[in-house]
Amino acid sequence: MSQDYDQIIRDHTASWLDTQTLFDLRNRLGRDGFILVTEIVPAEIKQVVKAEVLELLDKHAERRDLLLKTTGDTPRFMSVVRSEIIAERGDVITTLYGCPSLASTIERIAGEAPHPCPADDEEFLITRQERAGDTHGWHWGDFSFALIWIIDTPDIEYGGMLQCVPHTKWDKSDPQINRYLCANLIATYGFVPGDIYLLRTDTTLHRTVPLTRDETRIILNMTFASDKDLQRGLTGQDRWWEDSQADAAIQVGTDRGA
Ligand SMILES: [Fe+2]
């Protein structure tokens with residue numbers, strides 16, 4: 001089966017990633033820290049990924065409502081399926097994560113080889129925002145790249161867009177997010193279900209715009225490490241997706257009047 005996916009992606013990539021498109025994507029990723037790569041896999045693969053994500057959410061979703069100190073107390077209001085559960089129970093997702101053709105496409109675009117994440121609890125994340133006010137507040141990633149699959153998202157009228165400030169750096173002891181927001185332009189990207197984007201997560205400050213009413217926004221995150229990431233360790237215990245009692249997390253009531 002994994003051979004099939006690998007070959008399907010290889011054939012598909014040959015049909016869309018021509019020299020000009022590659023030039024364009026590389027340029028924009030370097031400039032914006034973000035690129036839409038919706039065509040990186042064909043529709044039939046998106047369908048099976050979607051089915052697996054929905055099944056994992058059905059069985060393993062855990063709610064998080066907290067503020068994270070290492071990102072200046074920005075909120076995480078959503079349900080998640082943790083990385084280890086996805087690694088253990090996932091089939092298509094884990095196969096695609098290890099697909100040489102997918103990694104090679106990302107490498108050609110990013111100009112750097114993406115490696116499987118060295119932290120077992122950060123390889124994958126499924127999030128579902130579902131209530132008015134749900135958001136993934138301003139943050140950076142511990143690792144260089146994330147490939148994000150938009151499984152479901154409401155009309156942008158109701159929030160759920162991605163906002164980015166590229167070329168910024170995460171100091172976990174003094175993140176100064178508001179200063180970055182005042183000093184830079186914020187780019188906002190809206191999506192439709194089925195979109196996929198690649199994000200330079202370590203140097204792109206980003207968040208999702210809070211939902212303005214009860215709607216469903218579901219994503220699958222595949223995290224990849226760069227060579228540089230593999231050469232350094234992690235600092236701080238702020239792994240909120242893993243442990244809602246993480247040192248850097250402040251719990252907030254689930255009844256936010258939303
Ligand atoms: Fe993120």
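Hi everyone, let me start with a pair of residues: glutamine 163 sits across from arginine 207 of strand S11. Before going on, a word on what we are looking at. This is a predicted model, where local features need pLDDT of at least 70 and side-chain atom pairs count only at pLDDT 80 or more, while totals for chains, interfaces and linings use all residues. Residues are numbered from 1 along each chain as its sequence is written, and side-chain values use heavy atoms, with hydrogens and water left out.

Back to that pair. Strand S8 (residues 162-166) and S11 pair in the antiparallel sense over five bridges. Strands here are DSSP runs of E with at least two residues, helices are runs of H or I with at least four residues, and both are numbered from the N terminus. Two strands count as paired if DSSP finds at least two bridges between them. As a reminder, strands of a sheet pair through backbone hydrogen bonds, either parallel or antiparallel. Another facing pair here is leucine 162 with threonine 208 in S11.

Now zoom out to the sheet. Its three strands run in the order S9-S8-S11, the sheet is open, and the pairing is antiparallel. Strand S9 (187-189) and S11 are at the edges with a single partner strand each, so one side of each has no neighbour in the sheet. On average, neighbouring strands of this sheet are turned by 25° against each other, direction ignored. Even so, four of the five residues of S11 are buried, so S11 is largely enclosed by the rest of the structure. Buried means under 20% relative accessible area, exposed means over 50%, and partly exposed is in between, using a 1.4 Å probe and protein chains only.

Which protein atoms are the donors of the iron ion? They are His139 (NE2) and His206 (NE2), lying 2.1 Å from the iron. A donor is an N, O or S atom within 2.8 Å of the metal (3.2 Å for Na, K and Ca), and water is not among the atoms, so sites may look incomplete. Histidine 139 comes from the loop between strand S6 (135-136) and strand S7 (145-152), and histidine 206 from strand S11 (residues 204-208), so the pair ties together parts that are 67 residues apart in sequence. Are these histidines buried or exposed? Histidine 139 and histidine 206 are both buried.

Next, please look at tryptophan 149, in strand S7. Tryptophan 149 is buried, with a relative accessible area of 2%. Its contacts, meaning heavy atoms within 4.5 Å, include Val41, Ile45, Leu96, Ile196 and Met222, not counting residues up to four places away in sequence. Glycine 194 is 45 residues from tryptophan 149 in sequence, with the two C-alpha atoms 7.0 Å apart in space. The bridge partner of tryptophan 149 in S12 is leucine 220, and S7 and S12 are joined by seven bridges and run antiparallel.

That brings us to strand S12 (residues 217-225). Nine of its nine residues are buried, so S12 is largely enclosed by the rest of the structure. Both faces are covered, with Arg217, Ile219, Asn221, Thr223 and Ala225 on one side and Ile218, Leu220, Met222 and Phe224 on the other. Strand S5 (residues 124-129) pairs with S12 over six bridges, antiparallel, and arginine 128 stands opposite isoleucine 218. Strand S4 (residues 115-116) is joined to S12 by two bridges, also antiparallel, with histidine 115 facing alanine 225.

Over to another set of strands. Strand S2 (residues 62-68) and strand S3 (residues 74-81) pair in the antiparallel sense over seven bridges, with serine 79 in S3 as the bridge partner of arginine 63. S2 and S3 make a hairpin with five residues between them, and glycine 72 in the turn has a positive phi of about 70°. S2 also pairs with strand S13 (residues 249-251), antiparallel, over three bridges.

Last, two helices. How do H2 (residues 19-32) and H6 (residues 100-110) meet? Their axes come within 8 Å and cross at roughly 70°, where axes are lines fitted to C-alpha atoms, for helices over the stretch in contact, and angles run from 0 to 180 degrees between N-to-C directions. The contact involves Leu22, Leu25, Arg26 and Leu29 of H2 and Arg108, Ile109 and Ala110 of H6. Thanks, and I'm happy to go back to any of these spots.
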